[in-house]
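Below is a set of questions and answers for a student meeting this structure. Look at the structure first, then read on.

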Amino acid sequence: MSLKSKYNTLSPRRERVAEGRVRAVLMDGAMGTVLMSRGFSVQTRFEEMNESCPDLIREIHRSYIKAGVAVIVANTFRAGDSEKFNRLGVQIAKEATAGKAKVFASIGPRGEKSDFLQQVRALEQEKPDGYLVETMMAWDEAEAAAQAVRKVSDRTLIVSFVPTLKEGLKESLQRLRQIGVDVIGTNCGRHPQESLAMIRRIASSDPGPWLARPPAGIYPEVLPPEEFADWIKKIANAGTAWLGGCCGTNPTHIKKVLQKLLL
Ligand SMILES: [Zn+2]
C-alpha cells in the first residue's frame, strides 16, 4: 500500500483523535529546527517570519498535516506581546490546516516579565482550538501563563515543562489543575529518555491526561525517526495521550510515530 493511500484511510481516525476520543492525540514536531535545517540561523526571530515568509511557515505546517497529525502548533512561541505576530501565527496555521487538524497557539517562557495577558488576548482574537504553554522552566511562571489563559478563554489548555524540573512538582500540579489546566506534560530537553522520566514523575502525583513532546536530541545531532518513534511508543505506553516532538524533530519523525502508534 502506498503511503498516500494508507494515510487517506486514516482520516476518520484522525478526526476521532482530534476530538480526544481515542487513546492518542498526535501533535506536530518542531518549527524552529526545521527552519534552521532550511538555512535560517538560530538567531532568527522565527515569529517575525509570520510576516516576512508566511508561505514557508504555512508549507511546514502542511508537511506535518500530510504526516497525519491531529493538532498543529502555531508559530507564536516567542511572539511576546506583539499582536501582529501572534495573530498572524494562528491565521497561517488555520490556513494550512483548512479544517483538517486543530490549531493550538504556543506560549513560551518569558523569564522576568511573566505577564502573559496581552499575548493571550491577541491570540484569542484568532480563535485557536487550544493553548499550549510550553518549555516552562519555573512553576510560578507556568501558573501565571495558565491563569492568563483562563482569564480570557475556556479553550483546551495544555501546560508543558522542561523535563529537568523536580522540586515542588506535586503541589504545582495540584495548583495547575485548580486553575483549570486540561493537560499537563513535558517538552524539549536533550533526549526522549528525560521526557519518559518526567512523565513518570508527573504520573506519581497527577491523574492525567498528560502530554509529551520530546526532542529528537540536540540539533543537529538527532535520533533517526525510527528510534525517536520507539521512544514515543514507550512514553505512550506509560499512559501519555498527547504526543508530538520538540527540537530536532521533523515531519519524517512524526510520520514514523504515527505508523508505530497504529501498530
Ligand atoms: Zn525543544
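Q: Leaving aside its neighbours within four places in sequence, which residues is valine 181 in contact with?
A: This is a predicted model, in which local features need pLDDT of at least 70, side-chain atom pairs count only at pLDDT 80 or more, and totals for chains, interfaces and linings use all residues. Residues are numbered from 1 along each chain as its sequence is written. Two residues are in contact if their C-beta atoms, placed from the backbone, lie within 7 Å. With neighbours within four places left out, the contacts of valine 181 are Ala146, Leu157, Val159 and Leu176.

Q: Is valine 181 buried or exposed?
A: A residue is buried if 20 or more other C-beta atoms lie within 10 Å of its own, exposed if 12 or fewer, and partly exposed in between, with C-beta atoms placed from the backbone. Valine 181 has 23 C-beta neighbours inside 10 Å, so it counts as buried.

Q: Where is valine 181 found?
A: Helices (H or I, at least four residues) and strands (E, at least two) are DSSP runs, numbered from the N terminus. Valine 181 falls in the loop between helix H9 (169-179) and strand S6 (183-187).

Q: Are H8 and H9 roughly parallel or roughly antiparallel to each other?
A: Axes are lines fitted to C-alpha atoms, for helices over the stretch in contact, and angles run from 0 to 180 degrees between N-to-C directions. Helix H8 (residues 139-152) packs with H9 at an angle of about 5°, and their axes are 10 Å apart. Angles under 35 degrees count as roughly parallel, over 145 as roughly antiparallel, 65 to 115 as roughly perpendicular and the rest as oblique. H8 and H9 are therefore roughly parallel.

Q: Which residues make the contact of H10 with H11?
A: Helix H10 (residues 192-203) and helix H11 (residues 225-237) pack at about 5°, with axes 10 Å apart. H10 and H11 are therefore roughly parallel. The residues in contact are Pro192, Ser195, Leu196 and Ile199 of H10, with Phe228, Trp231, Lys234 and Ile235 of H11.

Q: Which residues touch the most other members of the largest nonpolar core?
A: In soluble globular proteins, nonpolar side chains tend to be buried together. A nonpolar core is a set of buried Ala, Val, Leu, Ile, Met, Phe, Trp, Tyr and Cys residues joined through C-beta atoms within 7 Å. The largest such core has 78 residues, and those touching the most other members are Val69, Ile72, Val133 and Val159.

Q: Which proline does a cis peptide bond join to tyrosine 219?
A: Most residues other than glycine have a negative phi, and most peptide bonds are trans. The bond from glycine 208 to proline 209 is cis, with omega near 0°. Another cis bond, with omega about 5°, joins tyrosine 219 to proline 220.

Q: Is alanine 98 buried or exposed?
A: Alanine 98 is not a glycine, yet has a positive phi of about 45°. Its place is in the loop between helix H6 (83-97) and strand S3 (102-107). With 9 C-beta neighbours inside 10 Å, alanine 98 counts as exposed.

Q: Is threonine 135 buried or exposed?
A: Threonine 135 also has a positive phi, near 55°. The residue lies in strand S4 (residues 130-136). With 22 other C-beta atoms within 10 Å, threonine 135 is buried.
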